[in-house]
Amino acid sequence: MLLVTAFDGGSPKKSGTVVIHVTVLDANDNVPVFTQSVYKASLPENSPLDTLVITVSATDADEGLNSEITYGFDHISDENSNVFSLHPKSGEVRVAEHIDYEKVASYELQISAKDGLGLVSYATLLIEITDINDNAPIVSLKSLTNPIPENVTWFRGGIINVQDRDSENNRQVRCSIQQNVPFKLVPSIKNYYSLVTTGQLDRELVSDYNITITATDEGSPPLSSSKTVQLSVADINDNPPVFEEQPDWRQNGTVIYSLLPGEVNGAPVSSYLSVNGDTGVIHAVRSFDYEQFRSFKVHVMARDNGSPPLSSNVTVSVFISDVNDNSPQILYPAPEGNSFMTELVPKAAHGGSLVSKVIAVDADSGQNAWLSYHIVKSTDPGLFTIGLHSGEIRTQRDISESDSMKQNLIVSVKDNGQPSLSATCSMYLLISDNLAEVPELKDISYDEKNSKLTSYLIIALVPCPLFFTFIIIILGVRFCRRRKPRLLFDGAVAIPSAYLPPNYADVDGTGTLRSAYNYDAYLTTGSRTSDFKFGARFVLEEAHDADVGQNSVEQYSLKNNDNFILAVDGNSIELVLEKELDREKQQEINLLLTALDGGSPQRSGTVVIHITVLDANDNAPVFSQAVYKASLPENSHVDTVVVTVSATDADEGVNGDVTYEFGHVTEDVRESF
């Protein structure tokens with residue numbers, strides 16, 4: 001701030017003042033300054049990508065654009081250019097590639113800080129990589145003398161080298177061999193061992209040795225590796241010729257073999273096997289079925305012809321190996337009968353939408369039971385695809401108006417046996433949002449005698465992780481309807497993601513429930529089907545108790561809830577729907593079922609029934625306004641926005657996707673907007 005005063009020459013003298021306000025503008029005369037000239041950081045090898053290593057920081061005394069700092073790597077070698085990333089604004093240095101101590105133990109990087117008009121300063125970043133124990137020792141056989149003569153008391157059979165790429169304690173290695181062999185390892189120079197004998201060998205007792213050398217490092221946790229060395233013992237002439245003595249002679253030395261009486265699966269053992277009385281060779285007299293039993297034991301007696309006869313018994317274990325003799329069995333869709341099975345595909349379905357799922361099992365085991373799914377024939381080959389191993393049928397693209405309403409798929413399920421066996425099923429798909437749109441279905445009727453609609457509720461039993469894999473139980477619920485179209489599987493039932501055979505176990509200490517598991521049930525809502533309306537029943541697995549009498553299961557109880565009650569009739573346990581479900585109000589329901597025995601003290605077991613309420617298209621779209629009003633000048637340009645209408649749908653998925661179109665308007669209006 002400057003004050004300038006002006007004086008005149010009169011008398012009296014008068015003056016005037018003015019204030020000069022000088023604003024000093026910034027010039028880019030300050031370079032960025034790092035908080036440190038050298039940054040140091042330590043980083044374990046194998047750190048995950050995007051791990052923060054360090055944050056560098058610099059300041060600039062200028063202001064505005066002159067003080068805006070950008071960070072970057074400077075003069076970095078090609079091999080290090082992509083190992084780390086540097087955020088240009090925050091200065092964060094992060095891991096961008098795999099870090100391996102054994103390749104590079106440290107990095108020196110130069111970092112630049114540049115302001116808006118190009119002034120730059122530099123700092124150095126030193127990153128030390130710390131070693132972790134990620135390399136197992138490597139055992140190498142440098143030399144081997146094979147065979148070894150049997151008449152020496154000390155002999156070096158080979159030289160072993162052990163290397164570990166890690167550092168410090170992680171590379172300290174201990175070598176050992178298994179017990180009960182006449183060899184040992186003797187350390188020689190660094191990382192080298194000699195394999196030597198500990199006593200005289202006898203080829204007539206043991207002619208070959210398989211020696212396993214194990215190297216273990218001292219890392220945490222320790223890593224180890226093994227190498228097997230095969231050594232043969234060379235024969236020397238250290239035994240005179242002798243005549244072989246026969247323990248018994250003539251009939252006393254004649255051995256007769258026979259099967260001892262016994263049963264296999266309730267049938268005489270002789271109906272499965274026979275033994276040659278002279279040679280002892282056992283033959284099968286019938287074919288075996290791996291799916292019925294996988295192993296059994298028989299007892300064989302060897303008896304001489306002496307007087308009195310002497311004998312000895314041996315147990316022979318027979319193991320049946322599986323062959324691919326069972327074709328896949330398709331559980332869903334059910335085999336074709338008088339009724340047809342169909343799925344509804346919404347017209348608004350997008351590419352990748354789940355349409356249905358083929359579920360199959362195979363009675364074989366191992367790779368013979370590995371299943372793959374293939375579409376062998378379809379109405380439109382480009383419209384649907386099936387998961388190779390999941391069996392899920394999905395749309396390959398968005399549904400279009402030109403697609404045929406009726407789509408037929410023939411699906412083949414193949415196992416992985418040699419040769420491969422297969423089964424096929426047909427899937428009928430209707431591209432429609434409403435059954436009323438399908439004229440062929442509206443006219444179908446039949447008498448009351450055949451008016452049973454079979455609906456399948458598929459419930460996945462998801463066990464606690466401590467006990468089980470997935471269990472799926474298919475419960476058939478039949479409802480009688482009079483004079484209505486017959487349609488199976490109306491798209492309202494959820495399909496499980498996998499199928500595995502049942503597996504059962506006892507609960508620790510309680511002995512009340514077959515297993516500690518959760519039911520995951522998927523129910524639908526809405527008015528498209530009455531399967532899940534008031535009074536619908538769902539069969540549950542009964543509890544099992546290893547005790548008997550009054551100590552076994554006597555009663556069940558269901559924790560109070562708004563939708564279901566429990567119906568128990570003898571050994572039958574059913575959930576009964578008392579209040580219709582509404583997904584828009586409650587999407588999930590957890591029920592607690594308890595089984596109690598009659599013992600003293602009384603014991604109990606519980607199971608959680610987790611019900612996911614699936615959406616049905618039971619809500620119409622609702623506009624934000626019943627009447628929309630807009631004003632528009634004449635001669636408005638084409639594509640001018642007049643008004644935006646908006647509607648919401650309480651449903652979810654494709655049921656909640658809203659599309660807009662004009663209805664009941666004149667052609668003039670349709671051409672204008």
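Buried means under 20% relative accessible area, exposed means over 50%, and partly exposed lies in between (1.4 Å probe, protein chains only). The views below come from a predicted model, in which local features need pLDDT of at least 70, side-chain atom pairs count only at pLDDT 80 or more, and totals for chains, interfaces and linings use all residues. Residues are numbered from 1 along each chain as its sequence is written, and side-chain values use heavy atoms, with hydrogens and water left out.

View 1. The unreviewed UniProt entry places the feature "domain: Cadherin" at residues 2–34, 35–139, 218–330, 345–441, 543–623 and 624–662. UniProt positions follow the numbering used here, feature names are shortened, and annotations may be inferred rather than shown by experiment. Residues 2–34 are 0% helix and 42% strand, with end C-alpha atoms 37 Å apart. For residues 624–662, the content is 0% helix and 5% strand, and the end C-alpha atoms lie 17 Å apart. Helices (H or I, at least four residues) and strands (E, at least two) are DSSP runs, numbered from the N terminus.

**View 2. The salt bridge between E652 and R583.** Here the side chains of E652 and R583 meet at 3.4 Å, N to O. E652 sits in the loop between β46 (647–648) and α2 (667–672), and R583 in the loop between β42 and β43 (588–597), so this pair ties together parts that are 69 residues apart in sequence. E652 is partly exposed, at a relative accessible area of 40%, whereas R583 is buried, at 4%. A salt bridge here is a side-chain nitrogen of Lys or Arg within 4 Å of a carboxyl oxygen of Asp or Glu. Side chains of opposite charge can pair when their charged atoms come close.

**View 3. R537 and E574, a pair joining two strands.** The closest N and O atoms of this salt bridge are 2.7 Å apart. Because R537 lies in strand β39 (residues 537–540) and E574 in strand β42 (residues 572–577), the pair ties together parts 37 residues apart in sequence. R537 counts as partly exposed at 37% relative accessibility, while E574 counts as buried at 18%.

**View 4. R397 and its partner D380.** These two form a salt bridge whose closest N and O atoms are 3.0 Å apart. R397 is in the loop between β33 (392–395) and β34 (406–415), and D380 is in the loop between β31 (371–378) and β32 (384–386), 17 residues apart. R397 is partly exposed, at 29% relative accessibility. Salt bridges that share partners join D380, R397 and D403 into one network. Across the whole structure, a search finds eight salt bridges.
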